[in-house]
Amino acid sequence: MPLQINLENNNLEVTPSVGGLATGLKSFHKDGDSIWIGWSGLTEEEIPENLLEDVKEKARKEDCVAVNLSEEEIEGFYYGFSNRTIWPLFHYFMEYTEADKDHWEIYKSVNKKYAEEVLKHYEDGDHIWVHDYQLLLVPNMIREQQPEAIIGFFNHIPFPSYEVFRTLPWRDEVLKGVLGADLIGFHTYDYERHFLSSVSRILRHQVSFNEITLPERIVKVDSFPMGIDYNKFEDAALNHFKNTEEQRTELQRRLDHHTNETPEAKLILSIDRLDYTKGIANRIRAFEYFLDNHPEFIEKVRLVMLAVPSRSNVPQYQRLKREIDELVGRINGKFSTVSWTPIWYFYRSMPFENLIDLYTSCDIALLTPIRDGMNLVAKEFVATRINQTGVLILSEMAGAAHEMNEALIINPNNFEQISETLIQAIEMPEEEQKQRNKILQKRLKRYSVEKWANDFMKALHETSQDRDAFKARRISSKVSDEILEKFKNAKNRILFLDYDGTLVNFTDKPEKAKPDQELIDLVHKLNQSANTDVVLISGRDKDTLGAWWQEIPVELISEHGVWMRQKDSEWELSENVNNDWMSAVRPVIETFVDRTPGTFIEDKNYSLAWHYRKADPELGEIRANELSNVLKELISNRGLSVLEGNKVLEIKSSGVNKGKASNKKLVGKDYDFIFAIGDDWTDEYMFEELPENSFTVKVGMKKTSARYYVEDTLKVRDILKKFAENS
Ligand code: GDG
């Protein structure tokens, strides 16, 4: 929560929270009509019975709702799974990542607690914004109870590459949890890309650009680099300079004293939570390297280091604290002179005004995280530089480096580079400092935290509008009843049913997708109904389709219309097609099979299909694109076309498609109920070319010309069962 509630002598004390997220969102929350649900900072055991109501009241005053958590829950959920598993893993510290089943169970149950608290306050039309890696499962937990809710999720830390993320034992559950949201936000495009790649490879959902297609919904993923409350920092700095001698803080006096004594000496600032991701130990070592190699700067620079205590229950943080204490002690011992110590080290949290003292008094900010989602300190430092002097040295591993090109960007592991950059910063002419900061300030002012929050909310709102556009066509039970009514009252009916992805699910190998007994019985029953023609219309070869439906005298159209089998009769070649092009095209596709593991060619009589369902999803898409381009060039003016299906590319005669084939069946007949259902692009020809009053249905939520859509093959069967029962 934006406030931290502490217990002092049986009294509740409220202080503002530190930390990137809390600081960032506070101003947005203050201005809006919102409820902030979070943890108060006190465990159930810590709050005396008689103060329980007070805690609630203190939270309510700030439009907050406190979720009560026990010591055990905080241990397992916060210190445990969040900070010993997700935090290190997402920051690429695999050696620190634990996989403790008990912590995971508590993480799940606490996420449930949060979701339930949200649901208690939820009203129709509310927008719910879930924040950060502690609550990865909450979006889907809310979705399960409120399928129509508008949910956004923002991840404040990096999202690691697939190779790292895949090591998490509960990777599927975590991804499914986040995918409960309509919009998922990250600080940078890289994190977004890594997330999409994990979703595509682990859950195998279809990803195109920044959209993930789930059976029932579309999830959008985007990057929203978080800004700061610029005016707050700028104003604080302006006021700071208005302070009279007496109004100055003790810290400021010390800093002033230093500047007056040694006006030439430079102060180098470093501020972070004490965290191994922030590269504090490396920073000190790099500073040592700098002093070792450039003794001319002894007594000319000083590192002012503020490390804010954080997660001190986690062993790695305790070890890091010891390591930093030792490093600071050793280096101060090694270089100090009678009048100078190289490092001023503060291990505490400081009040806001002291933070401003530090930001405004130092000449250089040295921020060297090993990994950092964004790093707001870098932005705050620049915002407080009223006269536009000052140099920011920033690690390329911080999300902020993507937007702050005018800073001096360094690799935090390269001590030599850091050392050289320190010299560059110390010697940088004021004019250049101002030039750089001017551009940075302009950008930071524009992309403030308000803009960040507003952009996210706007994008979230838009996803809900996109959803409405789809909802109009979903076959709900009401729409299904209406279609059934029309079916019952019709005198002459025809049903065009696509096979793969519509009547049966996809399998790794096409030959495995044999019809099951339930399907055979269902099609048989429909086919026997009076005044009802059933046509299975597929891209498959005639031999497989014919063999599977040998016993059932249903009409078949194979290879998108190349062959037709009338009821109780033999296959006929229905179009004037040829296959003499195949020997030229086949070797080209074979080179793609060789280069793309998991792909293969399906030979049909009049077409060739290249399947890439089993290939690595990203590589598959890239190769499909390449092959499609190569083929289009190769076959131009040959009367052939390339069809892009569901994880398959097919080359066939242009004159043949499901639209032409289905329309042919209507010639000379007087159908008053036309129904067509299919799942991929090849079915679109049918949806576009059939008469307008036809009931065209797409399986899955994709762009379509069909009038309706259903979620999956189970729903398809439900509809057909209803037809069969009512015919
Ligand atoms: C996470 C991600 C991402 C620090 N010391 C004091 C103090 N602070 C304030 C700073 C700043 C905030 O804490 C630190 O924010 P950061 O962004 O640098 O880092 P994390 O806390 O790790 O935040 C990070 C962020 O979320 C937002 O998405 O940028 O990458 O790790 O605002 O001013 N404030 C006060 N006293 C201190 O001693 N008052």
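1. A polar contact is a pair of N or O atoms within 3.5 Å; within protein, one must be able to donate a hydrogen and the other to accept it, and residues adjacent in sequence count only if both atoms are side-chain atoms. With that in hand, look at His 187: one of its polar side-chain atoms sits 2.9 Å from a ligand oxygen atom. His 156 also brings a polar side-chain atom, 2.6 Å from an oxygen atom of the ligand. Asn 375 uses a backbone N or O atom instead, at 2.9 Å from a ligand oxygen. On its own the ligand would expose 740 Å², and the protein buries 94% of that (areas by the Shrake-Rupley method with a 1.4 Å probe; for residues, only the protein chains shown count as cover).

2. Keep in mind that this is a predicted model: local features need pLDDT of at least 70, side-chain atom pairs count only at pLDDT 80 or more, and totals for chains, interfaces and linings use all residues. Residues are numbered from 1 along each chain as its sequence is written, and side-chain values use heavy atoms, with hydrogens and water left out.
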